[in-house]
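Here's a quick tour for anyone meeting this structure for the first time. Have a look at the sequence and the model, then work through the points below.

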Number of protein chains: 2
Amino acid sequence: MPTLRLALCQVNPSVGDLSGNAELVHAWARRAADAGAQLVLFPEMALTGYPVEDLVFRRSFVAASKAALDRLAADLDADGLGELPVVVGYLDADGPPQVSPDAEPGRGARNAAALLHRGGIVATYFKHHLPNYGVFDEDRYFVPGDMLTVVRLGGVDVALTICEDLWQAGGPFAAARQAGVGLVVNINGSPYELNKDDLRLPVVRRRAAEAGATIAYVNMVGGQDELVFEGDSMIVAPDGALLTRAPQFVEHLLVHDLELPAAGDGGDADGVQVADGLRLVRRTVEGIPSAPSSPAAVGGIIEPVADEAEVWQALVLGLRDYVNKNRFPSVVLGLSGGIDSAVAAAISVDAIGADRVIGVSMPSQHSSEHSRSDAAELAKRTGLDYRVEPIQPMVDTFLANMSLSGVAVENLQARVRGVILMALSNQEGPLVLTTGNKSELAVGYSTLYGDSVGGFNPIKDVWKTLVWRLAKWRNAEAARSGETPPIPENSIGKPPSAELSPGQLDSDTLPDYDVLDPILIGYIDGDLGREGLVASGHDPAVVDKVLRMVDTAEYKRRQSAPGTKISMKAFGRDRRLPITNRWREDG
Amino acid sequence: MPTLRLALCQVNPSVGDLSGNAELVHAWARRAADAGAQLVLFPEMALTGYPVEDLVFRRSFVAASKAALDRLAADLDADGLGELPVVVGYLDADGPPQVSPDAEPGRGARNAAALLHRGGIVATYFKHHLPNYGVFDEDRYFVPGDMLTVVRLGGVDVALTICEDLWQAGGPFAAARQAGVGLVVNINGSPYELNKDDLRLPVVRRRAAEAGATIAYVNMVGGQDELVFEGDSMIVAPDGALLTRAPQFVEHLLVHDLELPAAGDGGDADGVQVADGLRLVRRTVEGIPSAPSSPAAVGGIIEPVADEAEVWQALVLGLRDYVNKNRFPSVVLGLSGGIDSAVAAAISVDAIGADRVIGVSMPSQHSSEHSRSDAAELAKRTGLDYRVEPIQPMVDTFLANMSLSGVAVENLQARVRGVILMALSNQEGPLVLTTGNKSELAVGYSTLYGDSVGGFNPIKDVWKTLVWRLAKWRNAEAARSGETPPIPENSIGKPPSAELSPGQLDSDTLPDYDVLDPILIGYIDGDLGREGLVASGHDPAVVDKVLRMVDTAEYKRRQSAPGTKISMKAFGRDRRLPITNRWREDG
């Protein structure tokens, strides 16, 4: 059996940064070559970043992606890396944009993989299965591929596949068995979800069995707007054995030697139609780097970490990449002394360092003494840049000039805080962070243009009960390694309050979070309706109250959502472009 | 040839309001029956409203839609309307949601039409062509139908189709020819775009020729979040003759007698496969109301109106439905004396009446005398509820307590105005309107959490040069009918200014709008890149400046977009639900 040394490059590209991503691929291909690799793999759309959303429809961007691929192939060759086969994801198109008047049936933008060798493109594969659930919209963006590309290199037949191809039975992996391949490459841009790693390995195993071949799964890592890609790249044998696995949430070069079956004369021939209507396309790569001498490369197997560690790392990476890829010098957030802002501040410090985090205490007449002292204590423990801006003078001036009462006065305080944070942002440049947890956002327990002011919320996807678990976990981690736990115990232990009126507590308005969160999780994440929630044991009266709050919160969001958007067409909806995006039409 | 009296019900349903929409259908079916109709048509998804977005994935909502359809059929029958065939769009499903773990291939949610008769559902059709461009995402939501439903009634064979089926050749309309039908019904939820009516009629004509049959095209009317449905229902003969056409932007009952070819023994049989892989499904309706005696019903032909009139009506309808369907008592907006807020105020008054519009002048030390007097003059002409809230005391208090300079001070003024409007909204209940035009939004010429504060912007899709044209058109209309022109001439004529620093004018920062708008239209609406814009004659230096401003504005929006959203899955993107939505899980 031939031996092949694979290098899986779990890298962190930036959307739209074609030249930067090409340099990234180049540098990691060099590292892989130095490690003796004979085949190097990069993630899905590594050259463009992922997802590029409506950039797909810009002809200039498609042309730039193709040109960047050609240049990359030439540059690798010029730099002495031409012999090394490199698989890289990019944006291709074989026709006008599907949305344009001159669109052609069955042609258009393609989510593509190319195999580069000796300065050229030896083989191309177009993603066959396009995902359209959850965060995915690929039927909007891409035309599905109708071929299975198999490349013979180093005496082994290797099939190319992309991401979702892996998640459905009967497609390219079944075709790969018909082609008799020894290895299936699967390149990914697969976003993190809690416990998704528990799901992914069994799927890779099923597909390895279906193809009767080894699977090399390489995933992107990094933050992109509201998504975090987690890595977790791996290689799985045909019998389901996990051969090697990379860590989550960091860039990683996973190098591993594989003994693979020699390509024979079996398997269907070039041009034959195989499973799922795919046309088999066979290509051959002549002359790859020779098999490295001993010692054999062994990638090792990283074991999954605890849920809290996984979520913390995801939040840290998501914030760090949002701040750095968008080139913000620093972040600023309000510190109330409560648990949410304390956890958001600790995440920020872990993500970009205390010297780039500004925390502002903005006490009012309703702020308790412990609010101020807990905020100061957090600042002391973490070393962030701490400021105090009392809001009472501004609040009093508004009240002296307008006739306001009740909730209008409560919200006024939160809005004055929003104005202060945005003034600091304009004056000094930091990105404003908001710190509402997912539970309070779901039930609308926040002030529009008040505590919701800001460009990024590191804990918007974290239920309140998980916020507490994260705080305890982070403090325990610190204690274990002899560091100062960042979050004051008092912020963790005290009952939550918005402190917008005298003696106010969350529990005046909301069910206890231990009761609230399971209902919200069922309704929002699990898509259970009233009936399903009651059937799973929740008090019907509480369920009704919570569902009404969630639906009403939607109504409250009405006052803020539309209005600043640019439509693609008169009266149409937004052009959907990535926020984090380095592509500039004007170069 | 048999004669058939058709009633096209161009109605305005509300998303999620199943019982209200069923009542609407019932009431209009009664009106149609009173007019002697023998076949009544309602728009696409009239029973659920359209688009329902991710409500499609809620099993409880799908079940409620099907139950509402059954109840509607029974209610029509009980009310003596059972003999009258009624075609109505609704949400159906023949399998679990496509996004669920128990999804079945080829099954799931359906964009459906039902023909109701004698208390039951005689025939069903599932939309075949699913649109995925512009505002549409139907591949995400629906499984495409694979049948052509033909119903024999009153001696005529009638095919059922839905919206996008009309916009593509070779599908159900080609199949309808093979089936030998006399009439093709096409029910629609087709949103307004400028000049789309010029596009639509030729398409209907082409499809009539393809099917060799008369086409009855019925479209929805009304506002839904960022969309406006325009009506423009019509009937076109096989030779392309326009037989009747309804007005735009109003509910309308279009009743018209058609002489149609008698159903014969020609055409393919039930169960046969016809064009585009569709399976022919034939149904028969026995006993429809007898042909009405003379006089013949003639629907008449409404001629299209001028662009400005069309846009004005669309803006008025969009705002009115957003306010009323979401049950806001009134609206409030800042009046600067400039053209944008003046036009927004005039639209508001036309939409919901002067007594429901609050206009607030919020002068600062930089406000010119004419700003105050022009705002007051607008209030006097329109009769809206006029208030004055000077911002200087609040601005001065912020400045006394923080060290701010430059753009931070400019933005502070806009943000204090935002706080005032939101305080009024909390205190008295009005929806806050923002009034930035599309040109200034595109180049980022506005303040985050300042003049962008609000829940709805009536002119967000209107380029600045069109704002001026609309103002002049509206005043001329008023003058022609002897009313007071609502917009002060001075607001139209003076040079635009943000008035946030001494002597500031838009032209200090932006190219003249006559130069700016064509570039923006090419870049944003037309998807021209730098090269295309220069090739069409624009100054390269100006193009570069404008493109950089647009791309930078995207960057500015970073500070506001994310952060208040609720994800469907941890770290995933938003569940996409309609804002305007009456569906309540808790009943």
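**Two helices in chain B**

Helix H12 (residues 464-480) of chain B packs against helix H14 (residues 513-525) of chain B at an angle of about 115°, with the two axes 8 Å apart. Keep in mind that this is a predicted model, where local features need pLDDT of at least 70 and side-chain atom pairs count only at pLDDT 80 or more, while totals for chains, interfaces and linings use all residues. Residues are numbered from 1 along each chain as its sequence is written, chains are lettered from A and ligands numbered from 1 in the order in which they are written, and side-chain values use heavy atoms, leaving out hydrogens and water.

- From H12(B), Lys464(B), Thr465(B) and Trp468(B) meet Tyr513(B), Asp514(B) and Asp517(B) of H14(B) (contact means heavy atoms within 4.5 Å).
- The residues of this contact divide into two nonpolar, one polar and three charged (Ala, Val, Leu, Ile, Met, Phe, Trp, Tyr, Cys and Pro count as nonpolar, Asp, Glu, Lys and Arg as charged, and the others, Gly among them, as polar).
- Axes here are lines fitted to C-alpha atoms, for helices over the stretch in contact, and angles run from 0 to 180 degrees between N-to-C directions.
- Helices (H or I, at least four residues) and strands (E, at least two) are DSSP runs, numbered from the N terminus.

**The sheet in chain B**

- Six strands of chain B form an open sheet in the order S5-S4-S3-S2-S1-S14, with mixed pairing (two strands pair if DSSP finds at least two bridges between them).
- Strands S5 (120-126) and S14 (252-259) of chain B sit at the edges with a single partner strand each, so one side of each has no neighbour in the sheet.
- On average, neighbouring strands of this sheet are turned by 30° against each other, direction ignored.
- Strand S1 (residues 3-10) of chain B pairs with S14(B) in the antiparallel sense over eight bridges, and Leu8(B) has Leu254(B) in S14(B) as its bridge partner.
- Helix H1 (residues 18-34) of chain B packs on the sheet, and its direction makes about 45° with that of S14(B).
- Helix H2 (residues 59-81) of chain B lies across S3, S4 and S5 of chain B, running at about 155° to S3(B).

**Thr244 of chain B**

- A polar atom of the Thr244(B) side chain lies 2.6 Å from the backbone oxygen of Gly300(B).

**Listed positions in chain A**

- An unreviewed UniProt entry lists Tyr133(A), Ser190(A) and Lys196(A) under "binding site", and such annotations may be inferred rather than shown by experiment.
- Tyr133(A) is partly exposed, with a relative accessible area of 31%, and touches Glu164(A) and Val99(B), not counting residues up to four places away in sequence.
- Lys196(A), in helix H5 (residues 196-211) of chain A, is buried at 10% relative accessible area.

**A buried strand in chain A**

- Eight of the eight residues of strand S3 (residues 86-93) of chain A are buried, so the strand is largely enclosed by the rest of the structure.
- Two bridges join S3(A) to strand S2 (residues 39-41) of chain A, and these run parallel.
- Eight bridges join S3(A) to strand S4 (residues 109-117) of chain A, running antiparallel.

Key. Polar contact = N/O pair within 3.5 Å; in protein donor to acceptor, adjacent residues only side chain to side chain. Buried < 20%, exposed > 50% of the residue type's maximum accessible area, 1.4 Å probe, protein only.
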